[in-house]
Amino acid sequence: MSFEWPWQYNFPPFFTLQPNADTRQKQLAAWCSLALSYCRHHKLYTLDVMEAQESPVFNNKKIERKLSMEAIQVVFEQLSKKGNLEWLDKNKSRCLVMWRRPEEWGKLIYQWISKNGMVNSVFTLYELANGDDTEGEEFHSLEEWMLLRSLQALQTDGKAEIITMDDGKGVKFF
Amino acid sequence: MDRFSWSNGLLEINETLVIQQRGVRLYDGDDKAKLDVGVALLSTHRLIWRDVKNHECCIAMPLSQILLFEELAAGLGKSAKIVIHLQETTVNKEPGPYQNSKYSFIKLSFKEHGQIEFHRRLTEEMTQKRWENTPVSQPISAGTSSQAGRTRAVGIVGIERKIEEKRKETDKNICEAFEDLSKLMVKAKEMVELSRSIANKIKDKQGDISEDETIRFKSYLLSMGIANPVTRDTYGTGTHYHMQLAKQLGDMLQAPLEERGGMMALTEVYCLVNRARGMELLSPEDLVNACKMFESLKLPLRLRVFDSGVMVVQLQSHSEEEMIASALDNVTDKGSLTAEEFAKLLGLSVLLSKERLLLAEKVGHLCRDDSVEGLRFYPNLFSTA
């Protein structure tokens with residue numbers, strides 16, 4: 001299934017940061033949703049700002065428009081404000097993209113656990129993300145840091161507890 | 001008598017005494033002066049008179065003031081006199097015993113004779129004009145002592161005095177320069193007056209002016225600009241002048257504005273107005289000030305300043321909404337437009353068409369695509385979608 005671009009992607013003004021505040025707000029909202037859905041479609045968890053400029057998201061070769069570095073920064077800041085992005089360094093050159101926030105992931109995992117009646121069972125993180133049971137689930141092959149973050153979110157809700165085991169981490173659901 | 005000013009009776013550096021004569025009484029014209037009998041001194045530069053008893057009472061007058069003089073022989077009970085005819089008083093004369101006088105001549109009455117010798121020496125001095133060859137250019141007057149002091153003064157005080165002297169000189173020069181200018185203005189007004197009266201005559205077809213001559217004269221007037229330009233001189237400075245100017249602009253600009261779609265850049269207005277005026281050119285400042293008065297005068301024109309600082313004159317009927325609507329219509333029609341394309345479409349200047357597009361963008365009807373190909377405007381699909 002190929003990625004379906006939104007209509008804005010072929011609209012040249014989309015690639016110019018709009019000076020009008022209202023227009024810009026709508027434009028940025030569109031950019032945020034495009035960036036997230038693109039990452040989700042391609043299961044991207046980290047982004048490099050320098051590379052991002054060359055990625056098809058921000059560079060439409062068909063209409064020969066690309067979003068400027070400054071504009072990309074603005075979009076990323078907007079994403080970070082919404083809680084969908086976290087910077088990995090102070091220079092803001094790499095970032096984590098969370099097209100689903102940890103709490104949302106946690107909820108998904110917990111739903112699957114309770115659906116399959118596995119409350120009070122212990123899992124290793126590997127089992128959860130790469131095990132045969134979870135195949136076909138959205139959180140299958142979720143990156144470990146993301147998985148850990150979502151389980152931590154569950155832990156604060158009192159629905160899980162992370163345990164340290166000999167060779168890695170495990171989790172018990174309540 | 002008003003040509004005389006108070007003096008300390010001391011001679012200037014380059015001045016030398018020629019003759020002195022006791023027992024001389026001064027007459028202001030035909031009237032006896034309110035001064036006693038005294039000593040008349042003739043120097044190379046001045047005619048000096050000093051009271052015989054009170055030596056502090058001393059007056060002087062530069063010889064350059066003398067136009068001509070004549071001897072009046074003594075008569076029965078009358079002493080011999082010398083009548084001296086004088087020039088008009090200078091404007092900023094030093095104070096003297098008389099501030100003004102109805103006479104333009106004075107008489108020296110010689111009670112103790114000596115008029116013959118005095119007259120001879122005066123004639124000599126007036127022909128030699130030795131005062132012209134000395135470095136002292138200003139009329140020597142009561143300022144003598146301070147002037148002598150000036151040359152002596154050294155150090156900071158001296159420098160300060162020099163500067164002060166320079167400033168006074170400059171002041172004088174400026175005054176003179178502007179005097180010329182105002183004279184010119186008066187003459188110019190006469191010229192305008194004249195051309196108007198001739199124009200009126202032509203209009204009334206008075207006299208035997210042929211059709212050809214009429215046309216020729218009218219073309220002359222046209223080449224000179226408006227027949228009766230409003231000038232600073234006729235209306236004074238400041239607000240009143242600008243108000244009149246604003247009214248004139250209102251009449252003038254109506255037609256050109258309508259031709260240009262209701263809006264003109266101020267620079268364009270400036271060129272147009274000054275081309276029409278021909279001679280009585282407007283300063284940009286006056287134009288702006290006049291344009292600022294449109295609103296208070298309830299004229300159908302408005303001065304408008306765009307966010308970018310561009311100033312335009314527009315018809316009042318030319319509303320913003322219409323402008324924005326037309327910009328949006330045109331852009332929607334063509335899909336997208338640059339300022340240049342929009343200008344061509346509307347017959348406007350690029351500057352103004354860009355302002356319109358920016359205005360439409362500001363209210364959120366348009367959005368921009370700023371690429372290497374230039375700035376293009378698109379309908380704002382972000383808001384509508």
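Arg120(B) is partly exposed at a relative accessible area of 40%, where buried means under 20% relative accessible area, exposed over 50% and partly exposed in between (1.4 Å probe, protein chains only). Glu124(B), with 29%, is likewise partly exposed. Salt bridges that share partners join Arg120(B) and Glu124(B) with Glu117(B) and Arg121(B) into one network; a salt bridge is a side-chain nitrogen of Lys or Arg within 4 Å of a carboxyl oxygen of Asp or Glu. Arg120(B) and Glu124(B) are separated by about one helical turn because they stand four residues apart in helix α1 of chain B. Helices (H or I, at least four residues) and strands (E, at least two) are DSSP runs, numbered from the N terminus.

This is a predicted model, in which local features need pLDDT of at least 70 and side-chain atom pairs count only at pLDDT 80 or more, while totals for chains, interfaces and linings use all residues. Residues are numbered from 1 along each chain as its sequence is written, chains are lettered from A and ligands numbered from 1 in the order in which they are written, and side-chain values use heavy atoms, with hydrogens and water left out.

**Salt bridges**

Over all chains the structure holds 20 salt bridges.

| Arg120(B) | Glu124(B) | 2.8 Å |

Asp30(B) is partly exposed at 45%, whereas Lys107(B) is buried at 13%.

**Interface of chain A and chain B**

The rule finds two salt bridges across this interface. The pair of Arg65(A) and Asp369(B) runs from strand β3 (residues 65-66) of chain A to strand β14 (residues 366-371) of chain B. Arg65(A) is buried, with a relative accessible area of 7%, and Asp369(B) is buried at 0%.

Contact, meaning heavy atoms within 4.5 Å, takes in 15 residues of chain A and 17 residues of chain B. The buried area, which is the accessible area (1.4 Å probe) that two parts lose on being put together, summed over both, is about 1,300 Å², and carbon and sulfur atoms give 63% of that area.

**Chain B and its backbone**

Chain B has twelve helices and 15 strands, and buried residues make up 41% of its 385 residues. Among contacts in chain B with a separation of 6 or more, 57% join residues 24 or more positions apart.

His113(B), although not a glycine, has a positive phi of about 60 degrees. His113(B) sits in the loop between β9 (105-110) and α1 (115-128) of chain B and is exposed at 56% relative accessibility. Lys129(B), also not a glycine, has a positive phi of about 50 degrees. Its place is the loop between α1 and α2 (144-152) of chain B, and Lys129(B) is partly exposed at 34%.

**Cysteines**

Zero disulfides occur over all chains, a disulfide being a pair of cysteine sulfur atoms within 2.5 Å. For Cys39(A), which is in no disulfide, the nearest cysteine sulfur is that of Cys95(A), 8.1 Å away. Cys39(A) is buried at 2% relative accessibility, and Cys32(A) is buried at 0%.
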